[in-house]
Amino acid sequence: MTDTAPAIELKGISKSFGPVQANKDISIRVMPGTIHGIIGENGAGKSTLMSILYGFYSADAGEIWVKGEKTVIPDSQAAIRAGIGMVFQHFKLVQNFTVLENVILGAEDGGLLKPSLSKARGVLKQLAEEYELSVDPDTQVQHLSVGHQQRVEILKALYRQADILILDEPTGVLTPAEADHLFRILDNLRAEGKTIILITHKLREIMEITDTVSVMRRGEMTATVKTAETSPEELAELMVGRKVLLRVDKAPAKPKEALLEIENLRHLDGQGVEKLRNISLEVRAGEIVGLAGVAGNGQSELLNVLGGYADATGTVRVNGREIPLSGRGCDGMARRAAGIGHVPEDRQREGLIMPYSAWENTVFGYHHGPETGSGLLMDNAAIRKEAAAKMERFDVRPPDPSLAAKNFSGGNQQKIVLAREIERNPDVLLIGQPTRGVDIGAIEFIHEQIVRLRDMGKAILLVSVELDEIFALSDRIAVMFDGRIMGVRDAGETDQRELGLLMAGITEDPGGDAYEAVDAAMDQKDHREAARHG
Amino acid sequence: MDYNTLLQVLDSTVRLATPLLLACLAGLFSERSGVIDIGLEGKMLIAAFFSAAIAAMTGSVWLGLGAGIVSAVLLSLVHGLASITFRGNQLISGVAINFLAAGLTVLIAQDWFGQGGRTPSLIGGGRWGNITLPFADTLSGVPVIGPLYAQLISGHSLLVYVGFLMVPLTWWVLFRTRFGLRLRAVGESPEAVDTAGVSVVGLRYAAVAICGLLCGIAGSYLATGLQAGFVKDMTAGRGYIALAALIFAKWRPWHALGACLLFGLLQAVALRYQNIDLGGITIPVQVMDALPYILTVVILAGFVGKAIPPRAGGEPYVKER
């Protein structure tokens with residue numbers, strides 16, 4: 001052990017942004033040929049640390065050693081030269097370039113493209129066979145599924161001869177089958193002697209694939225342990241500094257009458273593509289229905305239609321009363337009046353006005369109501385007071401109503417939105433991605449609030465890309481694929497495998513290696529998409 | 001309209017399309033790199049002035065061309081400084097450059113020549129001569145093809161040929177070279193370029209400099225080829241028309257050629273048919289003169305299908321986590 005130099009060794013890395021210390025005296029050793037997990041809550045400083053390693057930031061203090069040599073990494077070029085490749089959470093791909101063009105960008109041989117392209121074609125073919133990394137080299141990236149785009153990112157790094165690969169939250173956008181495929185790829189890479197650093201906040205992934213795991217909390221490295229010698233509970237405790245519940249505690253649902261009834265709902269997007277195909281679904285009082293599916297299969301469109309932001313045809317009844325799906329009376333305000341509360345998927349763009357203060361944000365959408373004042377004027381003092389009380393009840397930190405929304409962390413922003421929508425006592429609550437980008441402590445709180453609302457007899461429609469979250473919260477689970485509902489299952493009577501297949505559009509279990517079938521189905525979807533875009 | 005008239009109109013189309021084409025390709029380089037440039041007009045104008053002024057003083061059209069190019073490149077670097085280095089608003093920087101050029105040219109012209117903001121008329125070596133291509137005279141007797149070759153293809157100034165050759169050259173650079181790949185990438189997704197270890201700033205400056213170079217040639221052609229000297233505001237909105245052509249062409253070189261020829265044709269028609277008599281109603285000359293500009297508005301209003309600009313256009317690149 002002592003004669004092998006670590007692939008990466010960081011010694012005493014510190015980095016501050018203004019008054020915020022993102023990394024405090026971090027030291028870590030990553031041994032070659034291993035998968036090293038780095039786990040921590042959002043804002044714990046994982047991404048900052050990796051950005052320093054990839055030359056995006058320079059550290060205020062500390063040293064980087066690569067393969068036993070002290071290395072200075074002032075820019076990405078230096079990182080690439082040192083053999084470090086990075087797969088970012090948000091892919092850095094040129095959407096209208098082909099896979100090949102993306103791969104050679106910045107790593108061309110000579111001034112003309114032709115030799116580089118034909119060389120890359122050969123290399124990609126070889127890599128595809130070696131690591132199960134097949135992607136059609138001539139497809140434009142924008143027509144690839146997210147899983148395939150991620151493969152392109154990995155291929156980019158391998159093409160640059162990286163032997164140390166950093167993956168930042170790689171599974172956030174993948175289906176279970178795609179994630180499984182990714183882990184197989186990582187396994188193969190490890191077998192070939194590559195070193196992999198996996199950044200994630202998902203405990204399951206850490207337990208499943210890593211050899212060693214380091215835990216970060218508030219900019220500090222709190223522990224580094226062998227994965228085999230730890231447990232999810234211990235890691236969670238190390239992450240947040242206290243014990244957390246990984247399961248949502250809830251009593252069995254006692255559903256009553258249907259509050260939200262959807263029949264034959266169809267919706268076309270701006271290009272005339274049918275995004276919702278004949279959706280029928282009901283959500284009853286006192287139950288949570290989870291909408292599972294790979295992002296982009298119509299879940300967002302369904303929320304938009306129900307929230308009043310997109311036109312559709314079909315029938316939707318709330319509390320037995322039909323609501324208009326286009327024209328007059330089809331807007332967010334009318335929907336709120338009809339008893340639909342809406343926590344949008346993208347809270348920063350749709351749920352909040354980021355530069356506005358928290359108290360202003362607690363009334364948007366309801367600012368015409370009687371409690372905000374009478375006539376033309378708004379009673380700002382009353383709204384502020386009410387906002388402060390709401391923030392107290394929803395444990396928003398810091399509890400300062402005059403702070404701008406953008407200055408709160410992701411979890412606290414989400415609590416502000418929830419406070420606004422829940423406190424108006426809607427009959428039906430639409431919730432999109434309730435805990436995306438939210439840390440574990442806040443996730444617990446938000447989940448409790450959702451369950452509390454259910455137990456008050458509300459109908460809740462939940463959209464989430466986190467299958468674990470869907471499982472934890474939902475009483476029934478509807479799976480969407482390509483604008484259709486592939487099936488509705490009771491949460492207690494299904495499993496990841498069945499839902500994974502449904503998410504890929506497969507209703508019959510093919511038996512054998514299900515993941516192969518899912519991959520094939522995803523490939524077909526890619527081709528359909530490509531054909532649709534011409 | 002007989003064949004000869006048609007040839008004359010087309011001949012004048014080619015001449016009028018040349019400055020548009022050069023400016024359009026200039027804008028193409030800049031905008032493909034993600035830097036929006038509405039300062040094409042100003043750069044052409046300043047190049048027109050300095051090329052005419054230097055040509056008038058030295059009697060050399062080549063020195064004039066050099067001066068025009070240098071002045072336009074300097075202005076484009078000002079735009080680069082404002083929008084790339086200091087991450088300012090690219091539209092405002094462009095507008096400022098247009099105003100700067102409009103004022104500066106007239107001011108310096110008055111100071112140097114004292115002729116009310118214009119340069120003296122250029123004569124002899126101060127203007128581009130027309131090049132007669134080989135066999136033009138011999139072939140002119142051949143029916144149909146002869147006059148076509150002699151009048152339409154032969155007999156233009158060097159810069160016209162340069163302008164038209166820039167089209168395949170631009171295409172080749174953009175789609176067949178490493179520089180072109182990176183240039184297109186930086187206009188679509190600068191973060192991809194950055195993480196690939198290539199300098200976003202360097203690429204954008206290169207693109208802006210090429211833009212200045214081409215605007216310089218365009219301006220020089222206006223003052224020392226198309227016309228014989230500089231007059232106030234002589235670009236007459238050509239920079240904006242070139243921008244409209246660029247959108248019409250969807251940022252593609254060959255389409256840019258087509259778009260610029262269309263605008264050139266409209267200008268040529270307006271020049272030749274000043275008052276069209278439609279049995280009782282005479283279409284006034286102003287309407288004809290306005291045609292290219294009306295088309296510009298129509299095109300910019302988006303009546304010609306969806307044009308998808310480079311995705312990162314207009315946005316200064318800021319590194320993010």
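Trainee: How many positive and negative side chains does chain A have, and how far apart do the centres of the two sets lie?

Mentor: Lys and Arg count as positive and Asp and Glu as negative, with His and the chain ends not counted; each charge is placed at NZ of Lys, CZ of Arg, CG of Asp or CD of Glu. Chain A has 61 positive and 78 negative side chains, and the two centres lie 4 Å apart. This is a predicted model, in which local features need pLDDT of at least 70 and side-chain atom pairs count only at pLDDT 80 or more, while totals for chains, interfaces and linings use all residues. Residues are numbered from 1 along each chain as its sequence is written, chains are lettered from A and ligands numbered from 1 in the order in which they are written, and side-chain values use heavy atoms, without hydrogens and water.

Trainee: What share of the residues in chain A is buried?

Mentor: Buried means under 20% relative accessible area, exposed over 50%, and partly exposed in between, with a 1.4 Å probe and protein chains only. In chain A, 54% of the 534 residues are buried. A:C330 counts as buried because its relative accessibility is 10%.

Trainee: How many disulfides are there over all chains?

Mentor: A disulfide is a covalent bond between the sulfur atoms of two cysteines. The rule here asks for a pair of cysteine sulfur atoms within 2.5 Å. By this rule the count over all chains is zero. B:C215 is in no disulfide, and its nearest cysteine sulfur, that of B:C211, is 4.4 Å away. B:C215 is also buried, at 0% relative accessible area.
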